[in-house]
Amino acid sequence: MKKQSLLWIISFFLTLFLAYYQKATGPSYPISGSVLIDNREIDYRFDRTHGGESDHIVSFDIGSQNFAGTLLWKRYKVNENWNEIPMINNNGVLTASLPHQPPAGKLIYKILIDDFKKKYLLPEEEPVIIRFKGEVPVSILIVHIVLIFLSMLLSTRTGLEIFSENPSYKNLIWLTLVLFILGGFVLGPIVQKYAFGEYWTGFPFGTDLTDNKVLLAFLAWLPALFLILKNKNPKKWVIFAAVFMFIVFLIPHSLFGSELDYNQNNKKNIEEVNSIVK
């Protein structure tokens, strides 16, 4: 096998690992597990993100009509009592709905299972946190994701170019940056606008870690591009930028993402009402 082909294969599998890691570790990945109920081990899976204008359906397949369930929920970081919604048992599947929230609004929820002899709380430890968002067009979302991971593939491959007999960085650096700009700085803000109503919530306007890590990864590649344009050897900066971008992509997606402050929102609504009354 030629060395160039091997370097591309290694880059591909490293990018594949990052794609899986991003999906499995982010705060929007569903919570799953199992619980022992009536001497039966039953699996559960609870969502932590919801897109669109509809309510969110919470379901739990308990496999029996002889159970009742209650959905407990309240707004995230709001000092209020738990709301209780009886769940419908339809052929052994318990279901109830969480009310739709504004973009970036979060609810915490859990379910209470009752077999009229014993009660079970799921999840057994911390309640689930779910974040609501607007509906992002599938075509835009797919292209955004593809471009981001293609740029990650090229970034990794550019870093591995140091193992080539006659390293050639120029085209790889340009392709990395062009794809990253299109995916992260063109389509990224469009996705953010659809989902949460803002184009950019990273520095200097906010603390969104996804936006900030995109910005940092881009800045890391600029010195390498500058050296290429000056016809100088960018080897050290290429290694730094490729490793830095890989580390940045290890940060879970949507961590410290957009979050509606219900307390601030309620204060704003009260002030608007008061101004109207006056």
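Helices (H or I, at least four residues) and strands (E, at least two) are DSSP runs, numbered from the N terminus. The model is predicted: local features need pLDDT of at least 70, side-chain atom pairs count only at pLDDT 80 or more, and totals for chains, interfaces and linings use all residues. Residues are numbered from 1 along each chain as its sequence is written, and side-chain values use heavy atoms, with hydrogens and water left out.

**Exercise 1.** Describe the setting of Ser 34.

*Solution.* Step 1: Ser 34 belongs to strand E1, which covers residues 31-37. Step 2: buried means under 20% relative accessible area, exposed over 50%, and partly exposed in between (1.4 Å probe, protein chains only). The relative accessibility of Ser 34 is 32%, so this residue counts as partly exposed. Step 3: contact means heavy atoms within 4.5 Å. Not counting residues up to four places away in sequence, Ser 34 touches Glu 41, Ile 42, Asp 43, Tyr 44 and Glu 124. Step 4: Asn 171 lies 137 residues from Ser 34 along the chain, and their C-alpha atoms are separated by 50 Å.

**Exercise 2.** Describe the setting of Ile 145.

*Solution.* Step 1: helix H2, residues 138-160, contains Ile 145. Step 2: with a relative accessible area of 40%, Ile 145 is partly exposed. Step 3: the C-alpha atoms of Ile 145 and Phe 132 are 20 Å apart, for a separation of 13 residues along the chain.

**Exercise 3.** Identify the largest nonpolar core and examine Ile 111.

*Solution.* Step 1: a nonpolar core is a set of buried Ala, Val, Leu, Ile, Met, Phe, Trp, Tyr and Cys residues joined through side-chain atoms within 4.5 Å. Step 2: the largest has 38 residues, and Ile 37, Phe 60, Leu 98, Tyr 109, Ile 111 and Ile 113 have the most contacts inside it. Step 3: helix H3 (residues 170-196) supplies the largest share of this core, six residues. Step 4: another core lies apart from it, with 21 residues, including Val 214 and Phe 249. Step 5: leaving aside neighbours within four places in sequence, Ile 111 is in contact with residues including Phe 46, Val 58, Phe 60 and Leu 122.
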